[in-house]
Amino acid sequence: MSTKRYDLVDSGNGTRIPLDVRDGTLGPSVVDIGRLYAEAGLFTYDPGFKATASCESRITYIDGEKGILLYRGYPVDQLAEHSSFLEVAFLLLYGDLPGRDQLESFRRSITMHTMINESLLRFFNGFHFNAHPMAMLSGVVGSMSAFYHDTMDINNARHRDIFAHRIIAKLPTIAAAAYKHSMGQPFVYPQNRLDYCSNLLHMFFAVPSQTYEIDPVAANALDLLFILHADHEQNASTSTVRLAGSSGTNPYSAIAAGISSLWGPAHGGANEAVLNMLETIGSADKIPKYVERAKDPGDKFRLMGFGHRVYKNFDPRAKIIREMCHKVLAELGNNDSPLLELALRLEEIALEDEYFIERNLYPNVDFYSGIIYRALDIPKSMFTVMFAIARTVGWVAHWQEMIADPARKIGRPRQLYTGPDRRDYVPLDNR
Ligand code: ACO
């Protein structure tokens, strides 16, 4: 607890309520309002949680003004340059970078959990061929609670660890099954000889009739994108996982809730929406028209992939992805992509526009990720699924942190009620 205190003063009768301030390691301190209702009969009001810390966490730190993102203290750009997705997953889950043996044993465990129950696989036949993969993903992940219930005691640390390894290992398999179902192609089983991202590409693109060569450029690009998407503190989907999990529900249900939240275009659905937008704009000469529409308060159109609730200067992930985008497209022999050119031109025009400057609207991570996914032949409808695979690590780390906290409480926000006052029921004939 900080030595600092604030007094809430009732300007009518002068009553003072002292409020303690709590300091974190980094970032703004928080005013602890836990006793406010008991002492003053007041709730606080902050729709969209613009100034509210919903929990205490030791996992990820963001400084939106300076464009800083740290996973367990390590800058994301250092991890992007030197680490791998599974090493980052270990870091987020367990708090420190693994030693060689720890990493090897974690890799082995993830590899050995990649298969899914055959009955779960048959679920996909129940989905229409054109079902959105995110719908299949949330449905099948939620259903996992019907299969792995032998290790679902949330108060048992060993069970929680088995769950963590299972879900991280099986998400690519489920995602690939959703893709294969939508393509009408046979399901491809995971291969233990392959690393996490190569295995994912193999399950997506291999077909029984011919050999599939994994392109290391594609596997490395995927690994980097997954590192950048692995966690982002208390965003909408992570907060959803925490809130759902706070009731003590099983973790598969909590993750399925997070997947549903991620799907929205204001969150993880933005990468798909960016590609749709670029395709709608079509050519550079149409950009001014769409920029004008984005600025018109009467028009719902927004520039997808622009703006962020927390980053008001630049999104450090977007900076890394922007560079990577050129590199990957060049290595894949795709560097004259008209889509990338259009995106760069749009970025240039928007960043010089007063409207975007005034509101601190910069390209976010999703502005470029879709272009890279497209270059890897991943279809648009799968973009948010790819995001979900990476973010599962963050969701699980946050769920673990919350459940392991002995002071855990069910999340139960209050409200400002503005509906009708008490009134008596009027029989139907008298209305
Ligand atoms: N295009 C045009 N105008 C925008 C945009 C945009 N992309 N984003 C925000 N604005 C404007 C708003 O209209 C508002 O203008 P006003 O002050 O004149 O009313 C102002 O900027 C502030 O916007 P808010 O919606 O209040 O900001 P908030 O922090 O609530 O929203 C969000 C952040 C949801 C990311 C928003 O910027 C947005 O919708 N962006 C497009 C979707 C997107 O890219 N989402 C991905 C986010 S990153 C992620 O989840 C991985």
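Predicted model: local features only at pLDDT ≥ 70, side-chain atom pairs only at ≥ 80, totals over all residues.
Local features need pLDDT of at least 70 and side-chain atom pairs count only at pLDDT 80 or more, while totals for chains, interfaces and linings use all residues. Residues are numbered from 1 along each chain as its sequence is written, and side-chain values use heavy atoms, with hydrogens and water left out.

Me: What is the angle between the ring planes of Phe306 and Phe367?
Reply: Rings of Phe, Tyr and Trp (its six-membered ring) pair if their centres lie within 6.5 Å; planes under 30 degrees apart are stacked, over 60 edge-to-face and the rest tilted. The centres of Phe306 and Phe367 are 5.2 Å apart. The pair is edge-to-face, with a plane angle of 80°.

Me: Is Phe367 buried or exposed?
Reply: Buried means under 20% relative accessible area, exposed over 50%, and partly exposed in between (1.4 Å probe, protein chains only). The relative accessible area of Phe367 is 0%, so the residue is buried.

Me: Which ligand atom lies 3.0 Å from an N or O atom in the side chain of Tyr355?
Reply: A polar contact is a pair of N or O atoms within 3.5 Å. For Arg302, the side-chain N or O atom lies 2.8 Å from a ligand oxygen. For Tyr355, the ligand atom is a nitrogen.

Me: How many charged residues does the shell around the ligand have?
Reply: Asp, Glu, Lys and Arg count as charged, Ala, Val, Leu, Ile, Met, Phe, Trp, Tyr, Cys and Pro as nonpolar, and the others, Gly among them, as polar. The shell has 11 nonpolar and 5 polar residues, and its charged residues number 6.

Note on methods. Polar contact = N/O pair within 3.5 Å; in protein donor to acceptor, adjacent residues only side chain to side chain.
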